Amino acid sequence: MNRYAITVRRWWAGPAALALLVVACWTVGASEVPVPSLFGATGSAQLAYFTPVLIVIAVMYCLDRQLHDVETTAVQPIHRFDQGAIILTAALAHAAGVVVGMDIARNVTLLLALGLLTRRLANEATAAGAGMMFLVINLVLGRVYNPDGHKAHTWWAVALYPSNSMTAWLVAVALFALVLPLAFSRTSATR
């Protein structure tokens, strides 16, 4: 089982992606890129805002690597190991969040849930792209400007909430907890 996780599933890619996320956040710092907005003037977003997509890509890469013959004859269900690895990845993202910002950790959890749900409906490649689209849609459609010119966000743009928002944390954790068992139910394991 351990060799399968290392050589076939390659779950070591999750911690490697987390290390890359930390290095990327430190490197780009507060660098910003211009982002259009439909509800006001062109704004900007920190490059670090997009780094959680790295984790989703790594997790989807690991889930895509399968040996169906081995998995159907395994003594222990492989999906339980996969669930544990995904939960560990989310926990390690929160440990890294102390360094790079807890909003990044929350968005990793949110994008992992969205990626697992999209994977269930489509495939791994679509799931990785869905995370990036979710972040872009939040920036373009979810950001508004107050009359005094300060940035604000709409109620549904959870990725834009500040890191201390309990509502955003509850939404991210609840979505993750609901999607995780659904993503590995029997019908998706037979694909």
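Me: What makes Met133, Ile137, Leu141, Trp155 and Trp156 a nonpolar patch on the surface?

Reply: Together these five residues have about 530 Å² of accessible area, a value from the Shrake-Rupley method with a 1.4 Å probe, where only the protein chains shown count as cover for residues. Nonpolar side chains (Val, Leu, Ile, Met, Phe, Trp, Tyr) are then joined within 5 Å, and like charges within 9 Å. A word about the model: it is predicted, with pLDDT of at least 70 needed for local features and 80 or more for side-chain atom pairs, while totals for chains, interfaces and linings use all residues. Residues are numbered from 1 along each chain as its sequence is written, and side-chain values use heavy atoms, leaving out hydrogens and water.

Me: Is Trp156 called buried, exposed or something in between, and why?

Reply: Trp156 has a relative accessible area of 32%, so it is partly exposed. The scale is this: buried is under 20%, exposed is over 50%, and partly exposed is in between (1.4 Å probe, protein chains only). You can find Trp156 in the loop between strand E4 (151–153) and helix H8 (166–183). Helices (H or I, at least four residues) and strands (E, at least two) are DSSP runs, numbered from the N terminus.

Me: Why does Arg10 count as it does in terms of accessibility?

Reply: Its relative accessibility is 28%, so Arg10 counts as partly exposed. Arg10 sits in the loop between helix H1 (2–9) and helix H2 (13–28). It has a positive phi of about 55° although it is not a glycine. Just after H2, Gly29 takes a positive phi of about 55° too.

Me: How do you know that the span of H2 agrees with its 16 residues?

Reply: The expected span is 1.5 Å times one less than the number of residues. For H2 that gives 22 Å, and its end C-alpha atoms are 22 Å apart, so the two agree. Helix H3 (52–64) has 13 residues and reaches 19 Å, close to the 18 Å expected.

Me: What do the buried residues of H2 pack against?

Reply: They pack against helix H3, helix H5 (78–100) and helix H6 (102–121). Among these buried residues are Ala13, Ala17, Leu21 and Cys25. In H3, the buried residues include Pro52, Val56, Val59 and Leu63, and their cover includes H1, H2, H5, H6 and H7.

Me: What makes a set of residues a nonpolar core, and how many does the largest have?

Reply: A core is a set of buried Ala, Val, Leu, Ile, Met, Phe, Trp, Tyr and Cys residues joined through side-chain atoms within 4.5 Å. The largest has 43 residues, and those with the most contacts inside it are Trp11, Leu21, Val59, Leu63, Ile86 and Leu116. H2, H3, H5, H6, helix H7 (124–142) and H8 are the elements giving two or more residues. H3 gives the most to this core, with eight residues. Apart from it lies another core, of five residues, among them Leu110, Tyr161, Ala168 and Ala172.

Me: How do you know whether Leu110 is buried or exposed?

Reply: With a relative accessible area of 4%, Leu110 falls on the buried side, so that is its label. Leu110 is in helix H6, and beyond its neighbours within four places its contacts are Phe134, Val158, Ala159, Ala172 and Leu175.

Me: What makes Asp82 and Arg9 a salt bridge?

Reply: Their closest N and O atoms are 2.6 Å apart, so they fall within the 4 Å limit. The pair links distant parts of the chain, with Asp82 in helix H5 and Arg9 in helix H1, 73 residues apart. Asp82 has a relative accessible area of 2%, so it is buried, and Arg9 is buried at 2% as well. The structure holds two salt bridges; Glu124 and Arg119 meet in one of them at 2.9 Å, N to O. Glu124 and Arg119 are buried as well.

Key: Contact = heavy atoms within 4.5 Å. Patch = residues over 30% accessible without salt bridge, like charges linked within 9 Å, V, L, I, M, F, W, Y side chains within 5 Å. Salt bridge = Lys/Arg side-chain N within 4 Å of Asp/Glu carboxyl O.
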